[in-house]
Amino acid sequence: VKRGRETWSFINKDMVIGRDRDRDNVVNMLFGSSNNGVVETLSVVAIVGIGGIGKSTLAQYVYNDEKVKIKFDLHIWVWATQNFDNMEILQKILASVTDEKSDQGVLDMLQRQVRRQISGKKYFLVLDNIWDHQNLCLNWAELQNVLLCGAPASRTLFTTRSESVARIVGTKRNPYMLSGLAPEDSWLLFQRIAFRPGQEHGVEAIGKEIARMCGDVPLVVRTIGGLLAEKCTVKEWGAFRDDEFANLSEYGSNIIETLKLSYNPLDPRLKLCFAYCALFPKGWTFGPRGLILIFIALGYV
Ligand SMILES: Nc1ncnc2c1ncn2[C@@H]1O[C@H](COP(=O)(O)OP(=O)(O)O)[C@@H](O)[C@H]1O
Ligand SMILES: [Mg+2]
C-alpha cells in the first residue's frame with residue numbers, strides 16, 4: 001500500500017504542482033527565529049497533515065530548494081519507520097552522510113560515529129514520516145542528544161500525521177499544518193494523470209466532476225486519475241462517476257475507501273495475497289522473493 005512506502009530526497013521539481021507558497025512558508029520557518037522568543041536547544045520544524053496530503057512531497061521540495069541547499073554543510077534525509085528505532089535512524093544518518101551502508105550494531109559506537117560526522121557542522125536533517133510510538137519521548141530525547149552536537153544553525157524538519165508527535169518532537173514551535181491542494185492545482189494534477197491520447201471526446205467534462213470529488217488530496221487525485229487513465233470511453237468514465245465513485249463521495253476524502261477502488265477489482269486470489277500483508281507491522285520491509293514463497297506455501301498462488 002502506498003501509505004508505508006519509503007521516501008528519498010530526490011524530486012523532479014516539474015512533478016510538484018502548487019505548493020510554492022507552502023515551500024516558502026516552511027523555508028521561512030526554518031530560517032526564522034523560534035516562536036515567542038523561546039530559546040530552543042534544537043531547532044525543529046514539523047509538517048503535520050493527513051496521509052496522502054503531500055507532506056513527504058513538500059519536505060522533498062524544501063530539501064531541494066536552492067536556499068536550503070546553499071545554507072547547510074550537510075543534507076540528510078531519513079525515512080523513519082514506525083518503530084522510531086534510534087539504531088535504525090542513526091544508521092540511516094550515517095549512510096546518508098558517508099554514502100556507505102553502516103552495519104554497526106552497537107548503539108554506543110554508532111552514536112559516536114554520527115557525532116563525529118556532524119559535530120560542529122551545519123546540517124539540515126529531514127525525518128520523514130514519524131509515527132506515534134510508545135517510546136517516542138524517550139527515543140527522541142536520546143537522539144536529540146546526538147543531534148545537538150551539530151552547529152547551532154543546524155535545522156531538523158520532520159513530517160507526521162499526528163499533532164501529538166509534533167508536540168513531543170517539535171519542541172515549542174507551532175507545526176506547519178498542511179492542507180489540500182488548491183482546487184485548480186488539484187485539477188492540473190488530475191489532468192496530468194488521467195488523460196491519455198485515444199480517449200473519447202467528452203471524458204474531460206466527466207473528469208472535471210470526478211476531480212472535484214477527490215477532496216484536493218493528491219494521493220486520492222493520483223489514485224483515481226490512475227484508474228481512469230485506463231478507461232477510454234465516455235461510457236466507462238460515466239459509470240465510474242455514477243457507480244464506483246458515487247459510493248465514495250459520502251466519505252469525502254477518506255483514503256482507505258479510495259484505495260479500496262484499486263483493491264476491489266483484484267482477482268480473489270490476489271486479494272488474499274494483499275490482505276496477508278496486513279499481518280506485518282507497518283513499515284516492515286520484505287523482499288518479493290520471500291513473500292512469494294510464503295504465498296506458494298499457503299497455497300494462495
Ligand atoms: N504537489 C503535488 N504535486 C503532484 N503530486 C503530488 C503533490 N503532492 C503530493 N503528490 C503525490 O501524492 C502522493 C502522496 O503524497 P505524499 O507526499 O507521499 O503524501 P504524505 O507524505 O502526506 O502521505 C504521492 O504520490 C505524491 O507524488
Ligand atoms: Mg509521507
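Predicted model: local features only at pLDDT ≥ 70, side-chain atom pairs only at ≥ 80, totals over all residues.
As for the interior, 44% of the 301 residues of the protein count as buried.

The secondary structure consists of 14 helices and five strands. Contacts can be sorted by how far apart the partners stand in sequence. Among those between residues at least 6 apart, 75% join residues that are at least 24 apart.

The largest nonpolar core has 40 residues. Within this core, Val62, Phe124, Leu157, Phe190 and Ile224 touch the most other members. Several elements each supply at least two residues of the core: the helices are H1 (20–31), H2 (55–63), H8 (183–194), H9 (203–212), H10 (218–229) and H11 (234–244), and the strands are E1 (44–48) and E3 (123–130). Helix H8 gives the most, with five residues. Both domain 1 (2–177) and domain 2 (183–265) are represented, each with at least three residues in this core. Apart from this core lies another one, made of 30 residues, including Leu42, Val48, Ala80 and Val146.

Two residues call for a look at the backbone. Most residues other than glycine have a negative phi. Arg19 has a positive phi, near 70°, and is not a glycine. Arg19 is placed in the segment before H1. Is Arg19 buried or exposed? Its relative accessibility is 10%, and because the cut-off for buried is under 20%, Arg19 counts as buried.

Which residues make a nonpolar surface patch of about 380 Å²? The patch is made by Ile292, Leu293, Ile296 and Val301. Of these residues, Ile296 lies in helix H14, which covers residues 288–297. The relative accessibility of Ile296 is 47%. Since exposed requires over 50% and buried under 20%, Ile296 counts as partly exposed.

Note on methods: Residues numbered from 1 in each chain as written. Chains lettered and ligands numbered in written order. Heavy atoms only, no water. Core = buried A, V, L, I, M, F, W, Y, C linked by side-chain atoms within 4.5 Å. Buried < 20%, exposed > 50% of the residue type's maximum accessible area, 1.4 Å probe, protein only. Helix = DSSP H or I, 4+ residues; strand = E, 2+ residues; numbered from the N terminus. Domains from an automatic or database assignment. Contact = heavy atoms within 4.5 Å. Patch = residues over 30% accessible without salt bridge, like charges linked within 9 Å, V, L, I, M, F, W, Y side chains within 5 Å. Areas by Shrake-Rupley, 256 points an atom, 1.4 Å probe, with all protein chains shown as cover. Salt bridge = Lys/Arg side-chain N within 4 Å of Asp/Glu carboxyl O.
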